[in-house]
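Dear colleague,

Please find below the structure that I am handing over to you. My findings follow it.

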Amino acid sequence: MTSTQIIVLSAISVYFLGMILMGIFTGRKETQEDFIIASRNVGTFPTAAALAASVRDGMGVVIWFGFAATGIGYGGMWLFLGVMFGMALFATVGPRIRKMAADNGYITIGEVVRSRIGPVTEKLTAATILAFAVLLIAIQLYVSGHVFADLVGITPAVGVWTVAAVVSFYLYSG
């Protein structure tokens with residue numbers, strides 16, 4: 001194992017340990033509603049940070065936009081324009097949806113959609129969100145497991161299972 005691999009493995013180990021300790025020490029202190037909707041008290045900065053992380057994984061925004069601009073050309077501008085349109089839509093519609101949800105006690109997007117359109121659409125909304133969530137989780141586990149495996153020098157399958165075990169423990173404990 002090279003010195004670079006040792007340093008990177010040490011950093012990842014500290015990160016994994018931090019995730020596990022955070023899950024143990026901060027978990028189970030809130031009610032189920034606090035966990036799901038954060039008591040509706042999430043500020044602007046945490047919301048913006050969560051959106052930035054969910055659009056792409058931090059630096060991924062720069063890499064994706066950079067690839068789109070240099071690798072695809074002008075067609076790649078549509079990625080940037082699409083993300084910006086989505087953020088603008090969220091900024092204008094989001095506060096109204098948040099107010100409606102708070103006024104009516106809605107917790108999920110499906111409940112908001114059901115109240116506006118009908119009960120069938122709630123199930124379609126839930127199925128769509130579930131499908132994309134499963135795909136996103138699978139992609140994240142695949143990529144992070146392969147990166148971990150390459151850095152540590154283990155097989156990709158062991159890397160994926162290791163990352164999945166740490167993340168699962170973190171989610172389960174906190």
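Which pattern does the chain follow when read along the sequence? In this predicted model, the chain follows the pattern α-α-α-α-α-α-α-α. It has eight helices and zero strands.

Of the 174 residues of the chain, 18% count as buried. The accessible surface comes to about 12,500 Å², and 74% of that area belongs to carbon and sulfur atoms. Among contacts between residues at least 6 apart in sequence, 48% join residues at least 24 apart.

Helix 7 covers residues 119-152. With 34 residues at 1.5 Å a residue, helix 7 should span 50 Å, and its end C-alpha atoms are 49 Å apart, which agrees. Just after this helix, Gly153 takes a positive phi of about 90°.

Several residues of helix 7 are buried, including Thr121, Glu122 and Gly145. Thr125, also in helix 7, counts as buried because its relative accessibility is 17%, and the cut-off for buried is under 20%. Leaving aside neighbours within four places in sequence, Thr125 is in contact with Ile109, Gly110 and Val113.

The largest nonpolar core has six residues, namely Ile12, Phe16, Phe148, Val152, Val163 and Val166. Helix 1 (3-26), helix 7 and helix 8 (156-173) are the elements that give two or more residues to this core. In soluble globular proteins, nonpolar side chains tend to be buried together.

Yours sincerely,
A colleague

Key: Residues numbered from 1 in each chain as written. Predicted model: local features only at pLDDT ≥ 70, side-chain atom pairs only at ≥ 80, totals over all residues. Heavy atoms only, no water. Helix = DSSP H or I, 4+ residues; strand = E, 2+ residues; numbered from the N terminus. Buried < 20%, exposed > 50% of the residue type's maximum accessible area, 1.4 Å probe, protein only. Contact = heavy atoms within 4.5 Å. Core = buried A, V, L, I, M, F, W, Y, C linked by side-chain atoms within 4.5 Å. Expected span 1.5 Å × (residues − 1). Areas by Shrake-Rupley, 256 points an atom, 1.4 Å probe, with all protein chains shown as cover.
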